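Visitor: Please pick one part of this structure and take me through it closely. Then lead me on to the rest, step by step.

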Amino acid sequence: QVQLVESGGGLVQAGGSLRLSCAASGIIFSINDMGWYRQAPGKQREWVAVISGGGSTRYADSVKGRFTISRDNAKNTVYLQMNSLKPEDTAVYYCNAEVQVGVVSYKNYWGQGTQVTVSS
């Protein structure tokens with residue numbers, strides 16, 4: 001069984017910064033893509049950013065230039081550095097990972113979510 005545990009959420013004023021972390025643990029052969037999603041109250045979950053196993057990154061237009069995704073493969077951890085935060089960034093942030101759990105077996109896992117609240 002694989003678990004993803006997020007940390008780093010909290011309350012911040014507009015213009016401030018937060019850094020989210022998500023650590024994967026369990027029986028892990030390797031991890032392909034790792035990403036972040038968010039869900040604001042009354043809205044559907046939306047994709048924020050993704051980083052491949054090789055380090056290639058992509059971002060949603062709404063966060064491009066403000067958020068930076070990175071990973072530490074040795075620690076099976078993905079990070080999301082969030083700068084210039086806006087009230088519309090308020091949401092529960094979830095990490096996601098495609099994990100190789102067997103020789104030819106891959107599974108997709110989600111973290112439990114961490115709340116980010118940006119006050120105006």
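Guide: Start with the word "patch". A patch is built from residues with over 30% relative accessible area and no salt bridge; like charges are joined within 9 Å, and nonpolar side chains (Val, Leu, Ile, Met, Phe, Trp, Tyr) within 5 Å. A salt bridge, in turn, is a side-chain nitrogen of Lys or Arg within 4 Å of a carboxyl oxygen of Asp or Glu. Accessible areas come from the Shrake-Rupley method with a 1.4 Å probe, and for residues only the protein chains shown count as cover.

Two notes on the source. The model is predicted, so local features need pLDDT of at least 70 and side-chain atom pairs count only at pLDDT 80 or more, while totals for chains, interfaces and linings use all residues. Residues are numbered from 1 along each chain as its sequence is written, and side-chain values use heavy atoms, with hydrogens and water left out.

Now the patch itself. Four residues make a nonpolar patch on the surface: Ile27, Phe29, Val103 and Val104. Together they have about 480 Å² of accessible area. Take Ile27. Its place is the loop between strand 3 and strand 4 (30-39). Strands here are DSSP runs of E, at least two residues long, numbered from the N terminus. Ile27 counts as exposed because its relative accessibility is 57%. The cut-offs are these: buried is under 20% relative accessible area, exposed is over 50%, and partly exposed lies in between (1.4 Å probe, protein chains only).

Move on to Gln100. This residue belongs to strand 9 (residues 91-100). Gln100 has a relative accessible area of 12%, so it is buried. A polar atom of its side chain lies 3.1 Å from the backbone oxygen of Gly102. That is a polar contact: a pair of N or O atoms within 3.5 Å, where, within protein, one must be able to donate a hydrogen and the other to accept it, and residues adjacent in sequence count only if both atoms are side-chain atoms. Thr114 counts as buried because its relative accessibility is 11%.

Two strands pair if DSSP finds at least two bridges between them.

Strand 1 runs antiparallel to strand 3 (residues 18-26), and six bridges join them. Val5 stands opposite Ala23 of strand 3.

Ile69 has Leu80 as its bridge partner in strand 8. In a regular strand, side chains alternate between the two faces of the sheet.

Most residues other than glycine have a negative phi. Asn76 has a relative accessible area of 24%, so it is partly exposed. Ser84 also has a positive phi of about 50 degrees and is not a glycine. It sits in the loop between strand 8 and strand 9. At 43% relative accessibility, Ser84 counts as partly exposed.

Finish with charge. Side chains of opposite charge can pair when their charged atoms come close. The structure holds four salt bridges. In one of them, Glu46 meets Arg38, with the closest N and O atoms 2.6 Å apart. Glu46 is partly exposed at 35%, but Arg38 is buried at 6%. Arg38 also meets Asp89 in a salt bridge (2.9 Å, N to O). This pair links distant parts of the chain, 51 residues apart: Asp89 is in the loop between strand 8 and strand 9, and Arg38 is in strand 4. Both Asp89 and Arg38 are buried. Shared partners join Arg38, Glu46, Arg66 and Asp89 into one salt-bridge network.

Notes. Helices (H or I, at least four residues) and strands (E, at least two) are DSSP runs, numbered from the N terminus.
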